[in-house]
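Here is a short walk through the strands and charged side chains of one model. Keep the structure in view as you read.

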Amino acid sequence: MTKEIKTEILIQAPISKVWKVLTQTQEYPNWNSFIKKLEGNLKVGENLRAEIQPVDSSTMTFKPKVLQFEENRILQWKGKFLINGLFDGTHSFELVDNPDGSTTFKQSELFNGVLVGLFNLENTIEGFEAMNRELKRKCEE
């Protein structure tokens, strides 16, 4: 079973500034209400430590592996619940450089596994949208 969340927001800032804010993960606690912490080396093959808090939910900690890291373009990781195939999530941040100098920020996650059908992802969608708004605010300061 699979489920996918896709969100996006237009940010009136150059792609390099959005990328810088997005990859300065030590600053997340200062502006990001969804991803409370993101620790580790943003490099393909490396494991991270992430603490997320969907809206009206408890904080969850997981240790995803970085799948893609292309400067000013994409950051993607994959996390799992206990073992592969139960509840896996491939999370992506994608940046699009617009002709007018603005940036389109896309945040998505593809969930798959035998437990996916048991989870209501509404709080996660709200968390993505909140982070998108907070990133926009931070980048447009």
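R49 is partly exposed, with a relative accessible area of 30%. Partly exposed lies between buried, under 20% relative accessible area, and exposed, over 50% (1.4 Å probe, protein chains only). The model is predicted: local features need pLDDT of at least 70, side-chain atom pairs count only at pLDDT 80 or more, and totals for chains, interfaces and linings use all residues. Residues are numbered from 1 along each chain as its sequence is written, and side-chain values use heavy atoms, with hydrogens and water left out.

Now follow the salt bridges. The structure holds four of them. A salt bridge here is a side-chain nitrogen of Lys or Arg within 4 Å of a carboxyl oxygen of Asp or Glu. R49 meets E39 in one, at 3.8 Å from N to O. That pair links distant parts of the chain: R49 sits in strand β3, E39 in strand β2, and ten residues separate them. R49 also meets E51 in a salt bridge, at 2.9 Å from N to O. Together, E39, R49 and E51 are linked in a network of salt bridges. E39 is partly exposed, at 38% relative accessible area. E51, in contrast, is buried, at 15%.

Next, the strands. Strands (E, at least two residues) and helices (H or I, at least four) are DSSP runs, numbered from the N terminus. Two strands pair if DSSP finds at least two bridges between them. Strand β2 (residues 35-39) pairs with strand β3 (residues 49-52) over four bridges, in the antiparallel sense. Here I35 stands opposite I52 in β3. β3 also joins strand β4 (residues 60-62) through three bridges, and these two run antiparallel. A50 has F62 in β4 as its bridge partner.

Move on to helix α3, residues 122-140. E140 and K136 both lie in this helix, four residues apart, about one turn. They form a salt bridge, with the closest N and O atoms 2.9 Å apart. E140 is partly exposed, at 34% relative accessible area. K136 is partly exposed too, at 25%.

E122 also belongs to helix α3. E122 itself is partly exposed, with a relative accessible area of 42%.
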